[in-house]
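The following exercises concern a protein structure and are each followed by a worked solution. Please examine the sequence and the coordinates before reading on.

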Amino acid sequence: MTTNNPGPQPTNAYVIDPESAAEMARLMLQDRTITQAMSGALPEDTDISLAHTILDIACGPGGWVLDMAAQYPDREVVGIDISTRMIDYARTQAETRTLTNATFRVMDVTQSLDFSDATFDLVNARFLFAFMSPRAWPGLLRECFRITRPSGTIRLTEGEAPLATSMASETLYGYFLQALQREGRALLPAGSRNFATSVFLRKYLHDAGCLDIQQRAYILDYSTGTPAHDIWCQNLDISLELMAPFLTREKVLTREEFDQLLIQLKKDHNSDDFYAFFFFLSSWGKKPGASTSSIRQPKQGSRKR
Amino acid sequence: MQQTEPRSWRDVLRKIIQDPKERRSLAKALDVDARTLDRWAEGVSNPRSHNLLQLIDALPSYRFILAKLIPEEFPDFTQRREASEVVIEDTIPDIASGLYDRVLQDRTTNIMSPMVQWGICTLILQLFVSQLGSNRSGVAAILAQCMPPSAGEKVRSLREQYQQYGLTWKGATRGRYFLGAESLAGAVVSSCQPEVYNDIKQEHLPLVYQLQEVNAIAAYPIQQAGRVAGCVLTLSTEQNFFTRLRMDLVRKYSNLLSLAFREHEFFPREDIDLQVMPEAAVQLLYLSTFNERVNEELNRAERHHSEMKRPQAEHLVLQQFLEGGSDDHQ
């Protein structure tokens, strides 16, 4: 695997201001839409019976944590995020919904995680690509492996750029990928047109030491007339608008060019013959149990403890 | 599958608390240990009379069966309830302080752009339905906003701009209808006084809500210094849902929402003169082609080399519809 690495590589830099109410509201709607598209917070065939302590990484305003806590009131569900405001709001929601089994902590997931070894039965992470650089993934997975109990599960979910009958959509996400490449945060070299994060999930889990790795693909159809159309188009419109400072900062396009493309995208979204998919993938693997005779040693890295 | 009729109120309780989530929630509502519920269900101990009243109020779906079965074991219970005339309400926590902090943070540090407004309104309504719907009732909230009038004109209509549905809402969702003089929202905006109906099927309200599951509705104006920006409609699938405490919560959330609106979005009462809006079926037909009409306006502006943003095009198309500029009203 080669990566384009022209300059400084920040290990944690969200592309949208995480402090804004609009981003919090958008993430809550996105969380709920994705969870509905996946038919629940966990895949239907996940054995939850042995998962008593659960962690969500980069939880944002806590949508997944709160859904899990509400669905499984006898489990302890923890969410961590680098943003104090996101965590504050997640706690506000837990308080409002009287979910006493949901807790939240401020934590930088690109550094050592402040948990003891073998703390969690299930470690979950959804859509980290917005801030994770390629070199940060192996370290994060090693930490996930460390804090997962033997026979516990690590589950990752990542998506790709939308596939849509809209040149404005193709162009805008192309600029987004270009901006990531300029910051050295893209997995594939310049000129590629995919995020490709989902392709690497199996490798990350394998290199961390996980066994029995499984995958499940999902497609969210947000074509005109589908149930997800209005809410997902709104999600994309808002996320792109919030992403504008990042794109113009990286000088992949001017603010005027961006505005024109967004106007066209909204027209396309509201067209009768608009067709689009959002593809995303879940990969999960198990940490070998204590009694497993052939425990494969995970790849070692130079991550600080 | 044959259902066995419960023989006692303890059978009903036993069945309910088989679900750990229900057990935990019910214990909290009654302010007792969950094991106390187990002992009641198994007949090991008896609840006090106020616990029985609380049990009935905490389980609205089982209200009638419990009211029938409890007196069979506790004959005195019936007499006490008839004599007391005191309705025991669940306590409802106040709005979490974190939400006030979140809203004020955005209000004081950002220009109130459409994006910021969207974020604040969405967050408030999300928490609102979460909190109101925490007793397992289906709850939804709709924010209807005054449509800005043309220069020199009065406000003629409202539009449903934001909608949030609680996790337990099992009914259909709805489009963004226009509401006018014929609607509850219109009445509340015109009078700047809240209204509540706890059994709408008995009230024969001329509503446009098209939601069969709704049994109770409350409307509260969004006001600031005697001017009004719209109103919040709160819908519930449960009859008699809007108790005094819940209406107090509705009031607080409505007042909080007023912080999300800009000064020019509030109108004095004398500038509100709502028309009667077309029926829902007519609106639905028009709204189904709304986006295409907006696109046409944008394309027309582009061909004439004049700048037009989407909100402007939407306003133009809406004005055409409301002023009968198309033949869709027929």
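**Exercise 1. The interface**

How much area do chain A and chain B bury between them, and what percentage of it is on carbon and sulfur atoms?

*Solution.* The model is a predicted one.

Step 1. The area buried between chain A and chain B is about 3,000 Å², with 58% of it on carbon and sulfur atoms.

Step 2. On the side of chain A, Tyr89(A), Thr96(A) and Lys267(A) together provide 20% of the area this chain buries against chain B, more than any other three residues.

Step 3. Counted by residues, 33 from chain A are in contact with 31 from chain B.

**Exercise 2. Polar interactions and composition**

Determine how many salt bridges and polar contacts link chain A and chain B, and which elements of chain A take part in the interface.

*Solution.* Step 1. Between the two chains there is 1 salt bridge. Arg85(A) and Asp101(B) meet through their side chains in a salt bridge, with an N to O distance of 3.3 Å.

Step 1. Polar contacts between chain A and chain B amount to 12 residue pairs, both residues being at pLDDT 80 or more.

Step 2. Two or more residues of the chain A side are given by each of helices H1 (21-37), H2 (63-71), H3 (84-96), H7 (229-249) and H8 (255-269) of chain A. H1(A) contributes the largest share, 8 residues.

Step 3. By residue class, the side of chain A that touches chain B comprises 11 nonpolar, 10 polar and 12 charged residues.

**Exercise 3. A residue of helix H1**

Is Ile34(A) buried or exposed, and with which residues is Ile34(A) in contact beyond its neighbours within four places in sequence?

*Solution.* Step 1. Ile34(A) lies in helix H1 of chain A.

Step 1. Its relative accessible area is 0%, so Ile34(A) is buried.

Step 2. Apart from neighbours within four places in sequence, the contacts of Ile34(A) are Arg126(A), Phe127(A), Trp232(A), Phe278(A) and Phe280(A).

Step 3. For Phe280(A), which is 246 residues away along the chain, the C-alpha separation from Ile34(A) is 9.4 Å.

**Exercise 4. Cysteines**

*Solution.* Step 1. The criterion requires two cysteine sulfur atoms within 2.5 Å.

Step 1. Cys231(B) is accordingly in no disulfide, with the nearest cysteine sulfur, in Cys146(B), 8.8 Å away. Cys231(B) counts as buried at 0% relative accessibility.

How values were computed
Residues numbered from 1 in each chain as written. Chains lettered and ligands numbered in written order. Predicted model: local features only at pLDDT ≥ 70, side-chain atom pairs only at ≥ 80, totals over all residues. Heavy atoms only, no water. Buried < 20%, exposed > 50% of the residue type's maximum accessible area, 1.4 Å probe, protein only. Contact = heavy atoms within 4.5 Å. Buried area = accessible area lost by both parts, 1.4 Å probe. Salt bridge = Lys/Arg side-chain N within 4 Å of Asp/Glu carboxyl O. Polar contact = N/O pair within 3.5 Å; in protein donor to acceptor, adjacent residues only side chain to side chain. Helix = DSSP H or I, 4+ residues; strand = E, 2+ residues; numbered from the N terminus. Nonpolar A, V, L, I, M, F, W, Y, C, P; charged D, E, K, R; others polar.
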